Amino acid sequence: MKTVFVAGATGYLGRHLCRAYRERGWRVHALVRSKSRPDLPLADLHIQAEATRPETLTGVMAGADLVISALGITRQRDGLTYHDVDYQANLNLLQEALHAGVPHFAYVHVLNADRMPEVPLVAAKSAFVRALQGAAIRSTVIAPSGYFSDMGDFFAMSEAGRVWLFGDGKLRINPIHGADLALASAEAIDAGRDWIDIGGPDVLSHTELAQTAFAALRQPARITRLPDWLRRAALTVVPYVMPSHISGPTQFFLTAMGQDMVGEQHGTRHLSDHFAALAAGEQPS
């Protein structure tokens, strides 16, 4: 039986990766910061360590056939920065994988990172990808377009009665459910792909995305389009007027909203069903 070591296992995608590999017959070792938390991911073994402290990682990957890191922060906490986690903590994992002789390392990046070098979150991830690709290990970089869970802002605006968009609303995105992304990632890793841009089955314009949310709520679509120069202007001031734990995600969101975010179409789950579940008061997986 093969063994996969999953870092970032308690996050949205990490949980789906653990489940997907269990279903594929792999032994799953999940890296967690604390074994005492009540919502541990599905795994054969929970390994307590902190990737930001390399001394705690010694020996944790012994016997692993694959390391997958979905480790990263979307909101800074505990005084840690994107460099601390998205770059350095992943580099600590890579160095331990090399020391343990793990043959394959997969990493969850972001789509269109080369178009967002000025965004701190993306810059830290891209720096790690360069280190990974230069290391003596087989690698797979997984670059998703966005998760269903990321679309909550659109749904929240719809619930409030109006969605605000930048520009003409024609830019496109195909967000993907975590379970579909986990499966597509596993298939890409099995196929030996070194890079894959992944999105969901439905490519939607920003206008269509908003309309989908309103339809789930059975409300008329009320959409206001703002000139795109406001988005660009906001990007210049956000780092100076917001604390870092808010400005970081905001910079990424505003930058991503200014371009198409469309990856290879994968999966069977549809955003309309996700929004319908939210409208029904259900807690989507």
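The model is predicted: local features need pLDDT of at least 70, side-chain atom pairs count only at pLDDT 80 or more, and totals for chains, interfaces and linings use all residues. Residues are numbered from 1 along each chain as its sequence is written, and side-chain values use heavy atoms, with hydrogens and water left out.

**Domains**

- The chain is divided into domain 1 (3-144) and domain 2 (148-174 + 201-261 + 268-284), with bounds that come from an automatic or database domain assignment.
- The centres of domain 1 and domain 2, taken over C-alpha atoms, are 27 Å apart.
- Domain 1 puts 14 residues into the contact between them, and domain 2 puts in 13 residues; contact means heavy atoms within 4.5 Å.

**Nonpolar cores**

- A nonpolar core is a set of buried Ala, Val, Leu, Ile, Met, Phe, Trp, Tyr and Cys residues joined through side-chain atoms within 4.5 Å. Buried means under 20% relative accessible area, exposed means over 50%, and partly exposed lies in between (1.4 Å probe, protein chains only).
- In soluble globular proteins, nonpolar side chains tend to be buried together.
- The largest nonpolar core has 58 residues, and F5, L31, L93 and F105 touch the most other members.
- The elements that give two or more residues to this core include β1 (3-7), α2 (82-100), β5 (104-108) and α3 (120-133). Helices (H or I, at least four residues) and strands (E, at least two) are DSSP runs, numbered from the N terminus.
- Helix α2 gives the most to this core, with 8 residues.
- At least three residues of this core come from each of domain 1 and domain 2.
- Leaving aside neighbours within four places in sequence, F5 is in contact with residues including H29, L31, I47, V60 and L93.
- Apart from this core lies another one, of 27 residues, among them Y21, V28, A182 and A186.

**Helix α3**

- The 14 residues of α3 should span 20 Å at 1.5 Å a residue, and this agrees with the end C-alpha atoms, which are 20 Å apart. The expected span is 1.5 Å times one less than the number of residues in the helix.
- The buried residues of α3 are L121, V122, A124, K125, S126, F128, V129 and L132.
- What covers these buried residues includes α2, β5, β6 (138-144), β9 (195-199) and α8.

- A kink of about 35 degrees lies at L235 in α7, shortly before the proline P239. The bend at a residue is the angle between axes fitted to the seven residues ending there and the seven starting there.
- T236 also has its place in α7. A polar atom of the T236 side chain lies 2.6 Å from the backbone oxygen of A233.
- T236 and Q251 are 15 residues apart along the chain, and 9.2 Å separate their C-alpha atoms.
- T255 lies in helix α8 (residues 244-256). T255 counts as buried because its relative accessible area is 6%.
- Not counting residues up to four places away in sequence, T255 touches M116, E118, V119, R231 and L235.

**T207 in helix α6**

- T207 is found in helix α6 (residues 206-217) and is buried, at 12% relative accessibility.
- The side chains of T207 and R225 are joined by a polar contact of 3.0 Å. A polar contact is a pair of N or O atoms within 3.5 Å; within protein, one must be able to donate a hydrogen and the other to accept it, and residues adjacent in sequence count only if both atoms are side-chain atoms.
- Beyond four places in sequence, T207 touches L165, D168, G169, I223 and R225.

**Loop residues**

- G8 is in the loop between β1 and α1 (12-23), and at 13% relative accessibility G8 counts as buried.
- Residues up to four places away in sequence aside, G8 touches G14, A70 and L71.
- Most residues other than glycine have a negative phi, and most peptide bonds are trans.
- N112 is not a glycine, yet has a positive phi of about 60 degrees. N112 is in the loop between β5 and α3 and is buried, with a relative accessible area of 13%.
- R218, also not a glycine, has a positive phi of about 55 degrees. R218 lies in the loop between α6 and β11 (223-226) and counts as exposed, at 80% relative accessibility.
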